[in-house]
Amino acid sequence: MDSLYVLVVLGAVAAGFVQGLSGFGFGMVAMSFWAWTIDPRLAAAMTVFGALTGQLLAAFTVRRGFSWAQLLPFVLGGLVGIPIGVRLLPHLDPLIFKAFIGALLAIWCPIMLFATRLPRISAGGKVADGVVGAMGGVMGGIGGFTGVIPTLWCTLRGFERDVQRSVIQNFNLSMLAVTMAGYVMTGVVTRDMLPLFALIVPAMLVPTLLGARVYVGISDMTFRRIVLGLLTLSGIALLVASVPKLLA
C-alpha cells in the first residue's frame, strides 16, 4: 500500500479513538501524523472532514450534560471566527504551518497535563465564552482545531466532566460543519481529495465508537496523560524539523 495511504489510515485511527473518548482532539492527533508529509491545505481539509465525521458519530453515542445556555455563546463567537481562519489558510507556508502545529502541541498539551492545578476562571461570563468561541472558530478555519482553546477554557472554568464534553463536542460539531461548507465553497476541497476522504471514514469508524464506549465507563486521567505526553513529543519533533529551516 502507498505510504501516503498508510499514514492517512494511522492518523485517522489514532485521532478517531481520541476524539471518541474525549469529545475533541481529532485535529491535533491527526496532524501529528499528517503534517510531516502532507500539503497543508490537503491536511487541513482532511482534518476538518475527519473531525466532523467523528463528531457526528460521537454526538449520537454520548449525549449527557447538554445545555443550550452554556453552548450558545461559544457557537456565536465561533461563527465570527471561522471566516477569518478560512481566509488565512491559502496563505500558509508549509514550514510555518509545521512550526505552528508543533508549537501548539508542545505548549498546549503540557498545560492540559497540569490543568487541574490551574486556578478556575469565573470572570467574563458569556462574553468571555463568546471570545473564546471566536478563537476556536479561527483555529477551525485554519485546520480543524476548533476544540483546542475552548477545551482549555472549559477546564479553567471548572465545568463538570459531562458538561465540558457536551459543550466541546457540540461546539466542534457546529464549527466543523460550517468550516467544511466554507472549504467547499472557496475551493479548498477539490475532487482529487475525495479518495482520501473515503479512506478516512472506515479507518476512524470503529476507533471513534470504541473511544466513545470507553468514555462512558472509565476515568480517562491516565489515558489523557499518555496521549498528551505523546502529543507533546510530536510537537517537539515538528519544531525540530521546521524551526531550523525557518531560521536558515
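Predicted model: local features only at pLDDT ≥ 70, side-chain atom pairs only at ≥ 80, totals over all residues.
**Annotated spans**

The unreviewed UniProt entry annotates "transmembrane region" at residues 6-30, 42-62, 68-88, 95-115, 135-159, 171-190, 196-216 and 228-247. The span 196-216 is 100% helix and 0% strand, and its end C-alpha atoms are 31 Å apart. Over residues 6-30 the chain is 88% helix and 0% strand, with 13 Å between the end C-alpha atoms. Helix α1 covers residues 3-22, and helix α2 covers residues 26-34.

**Helix pairs**

| Pair | Axis approach | Crossing angle |
|---|---|---|
| α1 and α9 | within 6 Å | roughly 30° |
| α4 and α8 | within 9 Å | roughly 30° |
| α1 and α2 | 8 Å apart | about 160° |

**α1 with α2**

The angle between α1 and α2 is about 160°. Angles over 145 degrees count as roughly antiparallel, and α1 and α2 are therefore roughly antiparallel to each other. Their crossing is right-handed. On the α1 side the contact involves L7, V8, L10, G11, A12, A14, A15, G16, V18 and Q19, and on the α2 side F26, V29, A30, F33 and W34. Sorted by type, the residues of this contact between α1 and α2 are twelve nonpolar, three polar and no charged.

**α1 with α9**

Helix α9 (residues 194-217) is another partner of α1, with a crossing of roughly 30°. The two helices, α1 and α9, are therefore roughly parallel to each other. The crossing of α1 and α9 is right-handed. From α1, the residues L4, Y5, V8, V9, A12, V13, G16, F17, G20 and L21 take part; they meet L196, L199, I200, A203, M204, P207, T208, L210, G211, A212, V214 and Y215 of α9. This contact of α1 with α9 comprises 18 nonpolar residues, four polar and no charged.

Helix α8 (residues 161-186) consists of 26 residues. From first to last C-alpha α8 reaches 37 Å, close to the 38 Å expected at 1.5 Å a residue. After α8 comes G187, with a positive phi near 85°.

Helix α4 (residues 68-88) crosses α8 at roughly 30°, which makes α4 roughly parallel to α8. The crossing of α4 and α8 is right-handed. Q70, L71, F74, V75, G78, L79, I82 and V86 of α4 touch V163, V167, N170, F171, S174, M175, V178, T179, Y183 and T186 of α8. The residues of the contact between α4 and α8 are twelve nonpolar, six polar and no charged.

Notes
Residues numbered from 1 in each chain as written. Heavy atoms only, no water. Axes fitted to C-alpha atoms, helices over the stretch in contact; angles between N-to-C directions. Helix = DSSP H or I, 4+ residues; strand = E, 2+ residues; numbered from the N terminus. Parallel < 35°, antiparallel > 145°, perpendicular 65-115°, else oblique. Left-handed = near helix turned anticlockwise from the far one by under 90°. Contact = heavy atoms within 4.5 Å. Nonpolar A, V, L, I, M, F, W, Y, C, P; charged D, E, K, R; others polar. UniProt positions renumbered as here; feature names shortened; annotations may be inferred. Expected span 1.5 Å × (residues − 1).
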